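Welcome along! Please have your viewer ready, and we will go from one selection to the next together.

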2 protein chains.
Amino acid sequence: MAFLAACKLQEPVTIADKLFLDLRRAILEGEIPAGKKISEPELASAYGVSRGSLREAIGKLENCNLVTRKPNIGARIIGFSTSQLMEIYQIREAMEGMAARLAAEHMTEEEVARLRHILERHRVEIEAKQEYSQQDVDLDFHFSIIQGSKNMRLIRMLCQDLYDLVRFYRFRLKSGFNRSEQAYHEHNLIVSAIERRDGEMAETLMRHHIRASRDYARKTLESMPQTEA
Amino acid sequence: MAFLAACKLQEPVTIADKLFLDLRRAILEGEIPAGKKISEPELASAYGVSRGSLREAIGKLENCNLVTRKPNIGARIIGFSTSQLMEIYQIREAMEGMAARLAAEHMTEEEVARLRHILERHRVEIEAKQEYSQQDVDLDFHFSIIQGSKNMRLIRMLCQDLYDLVRFYRFRLKSGFNRSEQAYHEHNLIVSAIERRDGEMAETLMRHHIRASRDYARKTLESMPQTEA
DNA sequence: AAACAGTACATTGTCGACAATTGCAATCGG
DNA sequence: CCGATTGCAATTGTCGACAATGTACTGTTT
């Protein structure tokens, strides 16, 4: 997944950083269940590090919005709720819409070509019905456009803060969403707009795309109500 | 300033939290100059706390985007540059536009009335030519709309992460921006749209307003080029 | 004189121990 | 039998000391 490599630019040099990446992966991939309370002594001994380093790592996880802390009480992994997911979609609609507009203005020709290539990969894997890879390709697609905006702060806010949450939810709802053909079609329109350097259209199409994803997710979640808080 | 009170809901109970708020205020109000490197032993003894607590506070400052850290090298206060400011305006355009749309849909009648009252305060202080209060009122205005969106994550991202930066820049460029009358007019249109519950129009107007502020800031900064990195 | 190497200093990262606060449980009183 | 209160255990917050890394200075070499 080329997705993650470019996100965190610096490789972890300090113990707390390595621990942070380990824990983040563990949370995103569900090894640590959602909503679980973090016991500092327990985790510290489990990973063989000091409590101080662990606390520093937890602080970084808090920035990624993957854990919440209350003073004198402790830290716990975030839970997932439908309303939270809808909130995230709304924010993505606004920010990725802007990202698409900026990408249409600022992407280099080579970057646009790479984007078109990602889309091609998407089509191939739809025909082969590779469901997991489709999700990775989807992330790569959105990630490439975000990077194409060239707005460093927008990139950081989306890739570091928000997309960890997206992956968190996506993992726990995986294979429930079978909207790939429709998504591919919408992606195709977006890339075309970017190729024409039509920022206004790219933003409109991206917002439409994310809103459609949100509506689909809401309908899917309502039809299978085994969501625990 | 009612602005800050509602932002950080919990009062600081732990030492690191108090230290964090102290340092944040010191940075935002320019007591600590922009770009300055933070010496952990120095600051720790200056505030009479341990280095551990200070490091925790610095971690929180990093989340607010007010300091940047490099491993084994240290932390420094962020610098300010025109391009960074333009990036922030772009993000605000997207997110606050969405906030205005949601506010038009979700604000209670009482909240709308309060918003109209803030606008009235704005008008009074323009006529009295109270320049500082105008900036506070402006923050209150935008903050109220953001809160009116009822999207908790959007509120957190804007009020905690982005608006610290806004205040950081605003303090250092204060009284250079004399756009109050125009801003008041635009604010007025936005409130009217919200009162009519016209989300689409509220978003359009808010985006226009922020874009106009950005253009004005850019022009002002270009005409007085004493911006040090 | 400029550049490199080595050493000494300062700063950051890491750790284990102590203090303060919270949550639970058992006991006491109604 | 139920509720409140007090005491205990566990967890978090805080601190000072040690180790590792980066930095500046000096002395030597080309």
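Is B:E96 buried or exposed? Select it and you are looking at a buried residue, with a relative accessible area of 1%; buried means under 20% relative accessible area, exposed over 50%, and partly exposed in between, using a 1.4 Å probe and protein chains only.

Before moving on, a word on the ground rules. This is a predicted model, in which local features need pLDDT of at least 70 and side-chain atom pairs count only at pLDDT 80 or more, while totals for chains, interfaces and linings use all residues. Residues are numbered from 1 along each chain as its sequence is written, chains are lettered from A and ligands numbered from 1 in the order in which they are written, and side-chain values use heavy atoms, with hydrogens and water left out.

**Stop one: a pair inside a helix**

Side chains of opposite charge can pair when their charged atoms come close. B:R92 and B:E96 are separated by about one helical turn, because they lie four residues apart in helix α5 (residues 82–106) of chain B. Helices here are DSSP runs of H or I with at least four residues, strands are E runs of at least two, and both are numbered from the N terminus. B:R92 also counts as buried, at 4% relative accessibility.

Now go to chain A and pick A:D140 and A:R121. Their salt bridge has its closest N and O atoms 3.2 Å apart. It links distant parts of the chain, as A:D140 belongs to helix α7 (residues 131–148) and A:R121 to helix α6 (residues 109–127), 19 residues apart. A:D140 is buried at 8% relative accessible area, whereas A:R121 is partly exposed at 32%.

**Stop three: sequence neighbours and a network**

Next, select B:R214 and B:D215, a salt bridge with 3.7 Å between the closest N and O atoms. Then highlight A:E93, A:R207, A:R211, B:R101, B:E200 and B:E203, which salt bridges with shared partners join into one network. Over all chains, the count comes to 48 salt bridges.

**Last stop: a strand residue**

Finish at A:I38, in strand β1 (residues 37–38) of chain A. A:I38 is buried, with 8% relative accessibility. Show its surroundings: beyond neighbours within four places in sequence, its contacts (heavy atoms within 4.5 Å) include A:L43, A:I58 and A:V67.

Technical notes
A salt bridge is a side-chain nitrogen of Lys or Arg within 4 Å of a carboxyl oxygen of Asp or Glu.
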